[in-house]
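Dear colleague,

Please find the structure below, handed over for your study.

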Amino acid sequence: MENYTEKMDDRLWEKAEEFDETENYEVVTRFLNNKNEFQSFGEGLTYLINKKYPETGGSDLLKFIKNSCEKNNVAMSEVASNNTLKNWFYTDIRPKKSDASRNSMFALAFALMLNEKETIDLFHKVFLDRAFNNRSAEEIIFYYCIKHKKSWKDAKQMTQLIDDKSNTDLDKTIYSKDIRNDIDSISDEAELLSYINNHSNNFRKNNVHAECEKNKLLLEVKELAIQEIALPEHESQFDGRQKGDKSLSNNLLYEILTEIKVSANTGTRTVFQNARLPKEIKNRFPESNSFCKNNLTSEELRKVIILLFSYKTWYMVQWEGANYGIEDYTVELNQLLIECNYPLLYSGNPFDWLFLFCTQDSRPLDAFRGIIQEVLEE
C-alpha cells in the first residue's frame, strides 16, 4: 500500500500541473472516474495480505482466508459469505459502511492475525473508514484484544460481559482520545470491563468532539461566507440574498460553498444522485441540512468537517493571499481528524483526493466549485 499511496500522491501533483496548463476541469473529473486509477477493495486487501504473508503471493486468497478463519477460530460466516468474498476480489464492489461490515472487517483482522497498525491499514486504506471507534465499547474491546494479541473468541466473550444498563456517578463525559489513552494504560481484562461499565454513558454517545468541532467551524465559515458575498466579484450573484446582518441560512451557506443552488426545504439530497463521480465521493457527501442535522454518521461528520475546514483555509488563500500550502493544510486537518477519532487524509480515497487536489490550486475555491459544476453539468 506504500507504493500505491506514493502513486496517488504523485498523481495529485501531475494532475495539478495538467490542470494549470489546460484549465480544463475534465482533467480532474476524467481522473476521478477512471476505475484504473483508484485501488479497489479487493486490490487493497490483496496487497495487505501479501505483505503480511509473502508466501501467499499468487495463491488463492479466498482459500487462504477460509483456512485462516479455521486456524484462528473465527467463524467464516462472521467474515463473509462465499459470494461476498468473490465480490471482494473479482468485482469493483466495496463493502457498504455499516455496523455489519465493520464487524466483518474486525473478524477478518482477527482471522488474519493483524496487529494494531495492520488493522488500521485495513480500515483506513482498504475499507476507507475509521478503524477503532473509541465510543463503541465493543470496538474498544477489539482494540484491546488486538493490541494484546488475544483471539476473536476472547474478544467476543468479553463483549458478552458488557453491562449496557450500568450508570454510575463516575460517568462524566470523556474525550474520545482520552478514552483511548485510558485503555492503553490497562493491561487486565477485568479492569477493562470495569472501566467500560463504569463509563457506560460515554459508550452510548458518539462523535462528541467531532460535533463540537463542526459547530465551531460552522460559526467561522458563516462569518467568512458573509464576507465573500460582499466581495465585488459576487455582487450580482448574491444580490438581495443577504442583508448584511449575521444571519445566514444553511441553504445559502451551502450555495456559497459549492455554488449548488438550493431552494426552500428541498435540500440537496439528490443533487449527486446521477452525477458521474465515484461512490466514495457521492455517498454521504455533505448536504445543506448536514450543517444543522443531528446524529450524523461518522462518515457524514468527517466529510462535513473536511468541507468546512477546507472552505476556511481556501478562503484565506484565494481572497486574503495567505501563504498556506498543502503541507500546512494536511498537518492541521489531520490533527483535527485525529482529535475527532477519524481517519487521516488519504490520497487513495477519492473524496480526500478531491480536496487535496483543490488545495494545491492558487484559487482553490474556484477549482472546487468548477469541478462540482462540471460534474453536475455532465
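The notes below concern pairs of aromatic rings and charged side chains over rings.

Please bear in mind that this is a predicted model. Rings of Phe, Tyr and Trp are taken as a pair if their centres lie within 6.5 Å, and by this rule there are 25 aromatic pairs.

One of them joins F132 and Y143: the ring centres are 5.1 Å apart and the planes stand at 70°, so the pair is edge-to-face, a term that applies to planes over 60 degrees apart. F132 belongs to the loop between helix 8 (116–127) and helix 9 (137–147), while Y143 is part of helix 9, so the pair ties together parts that are 11 residues apart in sequence. F132 has 2% relative accessibility and counts as buried; Y143, at 2% relative accessibility, is also buried.

A further pair consists of F285 and F351, whose planes are at 70° and whose centres are 5.9 Å apart, so this pair is edge-to-face. It links distant parts of the chain, 66 residues apart: F285 is in the loop between helix 15 (279–282) and helix 16 (298–320), and F351 is in helix 18 (residues 350–359). F285 is buried at 5% relative accessibility, and F351 is buried with a relative accessible area of 0%.

Ring pairs also build a cluster from F106, F110, F123, F127, F132, F142, Y143 and W152.

Finally, two charged side chains deserve mention. R180 lies over the face of Y143, 4.3 Å from the ring centre. R363 lies over the face of W319, at 5.2 Å from the ring centre.

Yours sincerely

Technical notes. Residues are numbered from 1 along each chain as its sequence is written. This is a predicted model: local features need pLDDT of at least 70, side-chain atom pairs count only at pLDDT 80 or more; totals for chains, interfaces and linings use all residues. Side-chain values use heavy atoms; hydrogens and water are left out. Rings of Phe, Tyr and Trp (its six-membered ring) pair if their centres lie within 6.5 Å; planes under 30 degrees apart count as stacked, over 60 as edge-to-face and the rest as tilted. Helices (H or I, at least four residues) and strands (E, at least two) are DSSP runs, numbered from the N terminus. Buried means under 20% relative accessible area, exposed over 50%, partly exposed in between (1.4 Å probe, protein chains only). A charge sits over a ring if NZ of Lys or CZ of Arg is within 6 Å of the ring centre and within 35 degrees of the ring normal.
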